[in-house]
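Hello,

Here is the structure I promised to pass on. My notes follow below it.

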Amino acid sequence: MYPSTYTNRSLNCLNVWKVTIILVIFGSPVFAATTDRVVVRESVSPVRRDELMMRLRAITGWSDLAFDDDGALHLSNTSPTAGSASARDLLSRATSGDRVILFEDASSRKDVVFCRVVLGKFLRESPADPEVYVVLIDFDDFRKVIGDKQARAAFDVGWAVLHEIDHVVHDSQDPEHDTSPGDCEAHINNMRRELGLPVRNSYFYNFLPIKKEGVLVSRFVRLGFEQINSTSTKTKRYWLIWDAAIVGGLNPECAEASDRITSPVRSSLYLASRAF
Ligand SMILES: [Zn+2]
């Protein structure tokens, strides 16, 4: 990993790196014919497309949010009393902004830990092309997480996609070294509060403290969430746990490859592929 190279970079200031991105967006009728800004690609199966749609419906409260036959995300005109108003605002900005966001299935890829966003490019570039960001989603990783139900409700593919969209829409940052959630997760945590869910208390996960003869032997990691009890003012802690050897992030070669792809666009892993 090269954490120091990330500091203070933004999506805007790194466009010069566009040509180095290996991900290529082939010509698509979606872009040629419409101004759709958030699109799920054909690589995402109908089942997984529905899974993502249902999660975004649950978070936003928009029961009629949907992808059309071309994969374009359509929001609702309603103002539901349930759901996160902040999440609705983020998606509204994404679907009306200057940048295009694509969802791509990256399930079981070693270099994708849950979710991350990379900069794409058109096969035949034109000066009129909008900037394109590709959200790589490893749907399988989310099925390998166990833990408290309150934490699992605050951590699924819907939340992960909103995290990556926030990077694109707001140029928000993840922390490099400290134990805070970071700017991006602060926005996502606000959405969780609006739904009465616990908030993520750190951007990074930790290894489970299992030791044998003084040596850390665990390959299982945990991520903490917390919620203040409004009546007792006590803080309750909830945990997610997974096997990092299966989900990814432990192999240094994968981590390096991941960096080479992501650092030029200041994209990020939904969970960084490092632990401390
Ligand atoms: Zn991030």
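Buried here means under 20% relative accessible area. Keep in mind that this is a predicted model.

Helix α6 first. α6 covers residues 157-170. The helix is mostly covered, with 12 of its 14 residues buried. The buried ones are Val157, Gly158, Trp159, Ala160, Val161, Leu162, His163, Glu164, Ile165, Asp166, His167 and Val168.

Its length checks out. At 1.5 Å a residue, the 14 residues of α6 should span 20 Å, and the end C-alpha atoms are 20 Å apart, which agrees.

Both ends have something to look at. At the start of α6, a side-chain oxygen of Asp156 comes within 2.9 Å of the backbone nitrogen of Gly158. After α6 comes Asp171, with a positive phi near 55 degrees.

Next, the packing against helix α2 (residues 46-60). The axes of α2 and α6 come within 8 Å and cross at roughly 80 degrees. An angle of 65 to 115 degrees counts as roughly perpendicular, so α2 is roughly perpendicular to α6. From α2, the contact uses Glu51, Leu52, Arg55, Leu56 and Ile59. From α6, it uses Val157, Gly158, Trp159, Val161 and Leu162. These residues divide into seven nonpolar, one polar and two charged.

Last, Asp243. This residue is found in strand β14 (residues 235-243). Is Asp243 buried or exposed? Its relative accessibility is 8%, so Asp243 counts as buried. The side chain of Asp243 reaches the backbone nitrogen of Ala245 at 2.9 Å. Leaving aside neighbours within four places in sequence, Asp243 is in contact with Arg219 and Phe220.

Best wishes

Definitions and conventions. Residues numbered from 1 in each chain as written. Predicted model: local features only at pLDDT ≥ 70, side-chain atom pairs only at ≥ 80, totals over all residues. Heavy atoms only, no water. Axes fitted to C-alpha atoms, helices over the stretch in contact; angles between N-to-C directions. Helix = DSSP H or I, 4+ residues; strand = E, 2+ residues; numbered from the N terminus. Parallel < 35°, antiparallel > 145°, perpendicular 65-115°, else oblique. Contact = heavy atoms within 4.5 Å. Nonpolar A, V, L, I, M, F, W, Y, C, P; charged D, E, K, R; others polar. Buried < 20%, exposed > 50% of the residue type's maximum accessible area, 1.4 Å probe, protein only. Polar contact = N/O pair within 3.5 Å; in protein donor to acceptor, adjacent residues only side chain to side chain. Expected span 1.5 Å × (residues − 1).
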